[in-house]
Amino acid sequence: MIDSIVKSLGDKADFLLKHECKTIAKEKLHLPGGDWVNRIFLPSDRNNRVLNNLDWMLNTGRLAGTGYMSILPVDQGIEHSGGASFAKNPEYFDGENIIRLALEGGCNAVASTFGVLGSVARKYAHRIPFLVKINHNQLLTLPNQADEVMFGTVKQAYDMGAAAVGATIYFGSPESNRQIIEVSQAFAQAHEYGMATVLWCYLRNPAFKTKDKDFHVSADLTGQANHLGVTIQADIIKQKLPENNGGYLAMQMGDSSYGKIDKRVYTELTTDHPIDLCRYQVANCYLGRQGLINSGGASGAHDFEEAVTTAVINKRAGGVGLISGRKAFQRPMAEGVKLLNAVQDVYLCKEVTIA
């Protein structure tokens, strides 16, 4: 297993597998494990039904009992349009094939829309945990807007037998205050019903993308988005893998003032190493008390290598798994299963340790 991982990492193998994190020590983290629900959530205010659903999610699929998660998310039919998402593989216009891919791929859960999951709920909701995405950014307004709006109710997700609900907040956008209120209220209701909560903590603001860098994926800004996400009691945070740092500093150029930051974030708590940058994301999830899953990103020519690389960074940083969609479903199902399994192998491989 480790040989296959090393091969996928290529010339980055030693850089990623031998790195020792000297910023935030691993001993300070709440690390994943088979006892994660009892150790982390039993002392919390989550009720027993939430614990049951978290336990179900963590004990489903190939990663069952490890404390790690591999989730298949397919909400792109709305977020990216059906044509853009499924033209490569039209069979995934049928939501049942999304569920089949998650099952055959050994995933812990499948995340999708009210429509997709509701259309086959009686057949599959008892076989694999459903994660219902309750808000979306629909792309038919002209011009397009970055605004997540509710597409259904928490009770609908509960009635179809879902184990969890998921939502996106576009932190940094003009609509973010409203989204924070909507999602925090929805998550409170979801917990009352006994469902777990997963938050896509994404950034959206044109100013975050400069001529030099795209700070939508900076460690400091995404880290703060994570910190806001766990504040509204997301049980699991979904975040893009950080690619740079210094977003706060870049936004304070000239006479402008933006947010608040301590420069020790850059001198002591992070380095330029991708594992250290991701470790800062984990730290903002209450030092891993709430799990960080990173997204797999867009599909391309090097999907297997990129997916394995992301999984290695997430695991070694102290994250709890990967949520990978387009790399898996925008290819024939057998290949999609192999990609999901390649990601899972990273979390099953004992030689890939916490940095």
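A crossing is left-handed if the near helix is turned anticlockwise from the far one by less than a right angle, and right-handed if clockwise. By that rule, helix α15 passes helix α17 in a right-handed crossing. This is a predicted model, in which local features need pLDDT of at least 70 and side-chain atom pairs count only at pLDDT 80 or more, while totals for chains, interfaces and linings use all residues. Residues are numbered from 1 along each chain as its sequence is written, and side-chain values use heavy atoms, leaving out hydrogens and water. Eight strands form a closed barrel with parallel pairing. A search of the whole structure finds 18 salt bridges.

**The barrel**

- The strand order is β1-β2-β3-β6-β7-β8-β9-β10, and the barrel is closed. From one strand to the next, the twist averages 25°.
- Helices (H or I, at least four residues) and strands (E, at least two) are DSSP runs, numbered from the N terminus. Two strands pair if DSSP finds at least two bridges between them.
- Strand β1 covers residues 69-74 and strand β10 covers residues 321-323. Three bridges pair them in the parallel sense. Ser70 stands opposite Leu322 in β10.
- Strand β2 (residues 109-112) runs parallel to β1, joined by four bridges. Val74 has Ser112 in β2 as its bridge partner.

**Burial of strand β1**

- Buried means under 20% relative accessible area, exposed over 50%, and partly exposed in between (1.4 Å probe, protein chains only).
- Six of the six residues of β1 are buried, so the strand is largely enclosed by the rest of the structure.
- Met69, Ile71 and Pro73 point one way from β1. Ser70, Leu72 and Val74 point the other way.

**Ser295 in strand β9**

- Ser295 lies in strand β9. Ser295 is buried, at a relative accessible area of 13%.
- Contact means heavy atoms within 4.5 Å. Leaving aside neighbours within four places in sequence, Ser295 contacts Tyr202, Lys238, Gln239, Lys240, Thr310, Leu322 and Ile323.

**Helix α15 and its packing**

- Axes are lines fitted to C-alpha atoms, for helices over the stretch in contact, and angles run from 0 to 180 degrees between N-to-C directions. Angles under 35 degrees count as roughly parallel, over 145 as roughly antiparallel, 65 to 115 as roughly perpendicular and the rest as oblique.
- Helix α15 (residues 303-317) packs on the sheet and touches β9 (291-295) and β10. The direction of α15 makes about 160° with that of β9.
- The axes of α15 and helix α17 (residues 333-348) come within 8 Å and cross at roughly 25°. That makes α15 roughly parallel to α17.
- On the α15 side, the contact is made by Asp303, Phe304, Ala307, Val308, Ala311, Val312, Asn314 and Lys315. On the α17 side are Glu335, Lys338, Leu339, Ala342, Val343, Val346 and Tyr347.
- Helix α1 (residues 2-9) packs with α15 at an angle of about 110°, the axes being 8 Å apart. That makes α1 roughly perpendicular to α15.
- The crossing of α1 and α15 is left-handed. Ile5, Ser8 and Leu9 in α1 meet Glu305, Val308, Thr309 and Val312 in α15.

**Salt bridges**

- A salt bridge is a side-chain nitrogen of Lys or Arg within 4 Å of a carboxyl oxygen of Asp or Glu. Side chains of opposite charge can pair when their charged atoms come close.
- Arg46 forms a salt bridge with Asp45, with the closest N and O atoms 3.2 Å apart. Arg46 is buried at 11% relative accessibility, whereas Asp45 is exposed at 56%.
- Lys133 forms a salt bridge with Glu148, with the closest N and O atoms 3.5 Å apart. Lys133 lies in strand β3 (residues 130-133) and Glu148 in the loop between β4 (135-136) and β5 (149-150), so the pair ties together parts that are 15 residues apart in sequence.
- Lys133 is buried at 1% relative accessibility. Glu148 is buried too, at 0%.
- Arg331 and Glu335 meet through their side chains in a salt bridge (3.5 Å, N to O). Arg331 is buried at 13% relative accessibility, while Glu335 is partly exposed at 37%.
- A network of salt bridges links Asp303, Glu306, Lys327, Arg331 and Glu335.
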